[in-house]
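Colleague: I would be grateful for a close look at a single part of this model. Please treat it as one connected account.

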Amino acid sequence: MAMQHDFLNKGYYVWEAVRREWRGSPEQRTAAKVKYNNRMRDDDGMERVRNEMEDSDCDSFAEPVPLPELLEVLDDRWQNETML
């Protein structure tokens, strides 16, 4: 009589552990959202990013741009282009 073994996907468990570590605890995620939502928008910084994106001679940003700000600039630009 052959024994039937259930498949155990060890890679999935490793992936879940790494994902939990990367995302942080629910408390950390909540704190990060509150911090981001309470942050004043830096309009000068956003304008600088917009200008650097439009400059054809510029192949990289002068200084690092936080991802949420970059996404906001790209979203604004996309919405403006679709309205044309």
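Which residues does V73 touch, not counting residues up to four places away in sequence?

Modeller: The model is a predicted one. With residues up to four places away in sequence left aside, V73 touches M46, V49, R50 and M53. These contacts belong to a meeting of two helices, α3, which spans residues 43-54, and α4, which spans residues 67-82. The axes of α3 and α4 come within 10 Å and cross at roughly 60 degrees. The crossing of α3 past α4 is right-handed. On the α3 side, the contact is made by M46, V49, R50, M53 and E54. On the α4 side, E69, L70, E72, V73, L74, D76 and R77 take part. Sorted by class, the contact of α3 with α4 comprises 6 nonpolar and 6 charged residues, with no polar ones.

V73 also belongs to the largest nonpolar core, which has 5 residues in all. Its members are M46, V49, V65, L70 and V73.

Technical notes
Residues numbered from 1 in each chain as written. Predicted model: local features only at pLDDT ≥ 70, side-chain atom pairs only at ≥ 80, totals over all residues. Heavy atoms only, no water. Axes fitted to C-alpha atoms, helices over the stretch in contact; angles between N-to-C directions. Helix = DSSP H or I, 4+ residues; strand = E, 2+ residues; numbered from the N terminus. Left-handed = near helix turned anticlockwise from the far one by under 90°. Contact = heavy atoms within 4.5 Å. Nonpolar A, V, L, I, M, F, W, Y, C, P; charged D, E, K, R; others polar. Core = buried A, V, L, I, M, F, W, Y, C linked by side-chain atoms within 4.5 Å. Buried < 20%, exposed > 50% of the residue type's maximum accessible area, 1.4 Å probe, protein only.
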